[in-house]
Amino acid sequence: MKKLINYVLNGKGLGAKYLLVLALVVSIIVSIMLRIGGSEAIPYAQSIADQMLPVKVQNGRVVTPADTLKIASLQIDGASDPIALPVVIDTRTDTLDTTQLKDGIYLTRTTLYTVNRNQVKLVRLEGSFELPRADYRETFKSLLNWFAVIFAVAAIAFLFVFYFLLTLFYALFAKFIGSLASRPLNFDQRMRLSSLALIAAYIIFYPLGWFNILNNTLIFFIVVIGLQAWGISKFPILVQPESKEENSDNI
């Protein structure tokens, strides 16, 4: 406890390095979960590929399958009937009435449609290519691995910025609590205290969140404020007056 108090009162920086570690750990955990969940979905993706392929395009026009309607379906274990999916090949026509389309992917003789929340994107087929019916499971695994890596990198940056902004938010409350307790803290001290309180709250909440316990924003807010108040209560009275010139070390 003395080390934590000494870090808050006399340490350097704003606690950003610990927020970066938190962002790194969380992004890795989420990426691993996505990788595991994605691996379980690969057999279903292969099933869809088996249903819809082969597809052959010549000069920007689908020639295989010709004059055919295919709707992908998924057979879930325990379900009596397969579930129709919004993946459709309709080579009986060149165009579709987009006002009638539900969210999904649609391929006609000449156009690929993607529909998402009433936003429709059209891609005109060009050139000649072929997608044969084959075993794509290794390809799906490779794509999944790359997706997990890219997601992890992007998540680290996003989470770090998010946690840092949260720390700034809670630092405002730390100033108010410190004043009430006659233990005023300067900006750097409030940031270090808030970063530790935030990290401690996440360590408490993440494991419980998987079981839907304490999964509430208000409770999280109260816990962080409570940790700040508890930490400030351990500081000596009138630790350090607020300084007009606060020199913050680089993050």
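User: Which residue in strand 8 stands opposite Val-55?

Analyst: This is a predicted model, and the pairing can be followed from strand 1, which covers residues 55–58. Strand 1 and strand 8 pair in the antiparallel sense over three bridges. Within strand 8, the residue that stands opposite Val-55 is Leu-131.

User: In what order do the strands of this open sheet lie, and which are the edge strands?

Analyst: Three strands form the open sheet, and their pairing is antiparallel, in the order 2-1-8. Each edge strand pairs on one side only, and on average neighbouring strands of this sheet are turned by 25 degrees against each other, direction ignored. The edge strands are strand 2 (61–64) and strand 8 (129–131).

User: Do strand 4 and strand 5 pair in the parallel or the antiparallel sense?

Analyst: Strands of a sheet pair through backbone hydrogen bonds, and both senses can occur. Strand 4 covers residues 83–90 and strand 5 covers residues 104–107, with three bridges between the two. Val-87 stands opposite Ile-105 in strand 5. The sense in which strand 4 and strand 5 pair is parallel.

User: What is the bridge partner of Tyr-106 in strand 6, and how many residues lie between strand 5 and strand 6 in their hairpin?

Analyst: Strand 5 pairs with strand 6 (residues 111–116) in the antiparallel sense, over four bridges. In strand 6, the bridge partner of Tyr-106 is Tyr-113. Strand 5 and strand 6 form a hairpin, and the number of residues between them is three.

Methods:
Residues are numbered from 1 along each chain as its sequence is written. This is a predicted model: local features need pLDDT of at least 70, side-chain atom pairs count only at pLDDT 80 or more; totals for chains, interfaces and linings use all residues. Side-chain values use heavy atoms; hydrogens and water are left out. Two strands pair if DSSP finds at least two bridges between them. Axes are lines fitted to C-alpha atoms, for helices over the stretch in contact, and angles run from 0 to 180 degrees between N-to-C directions.
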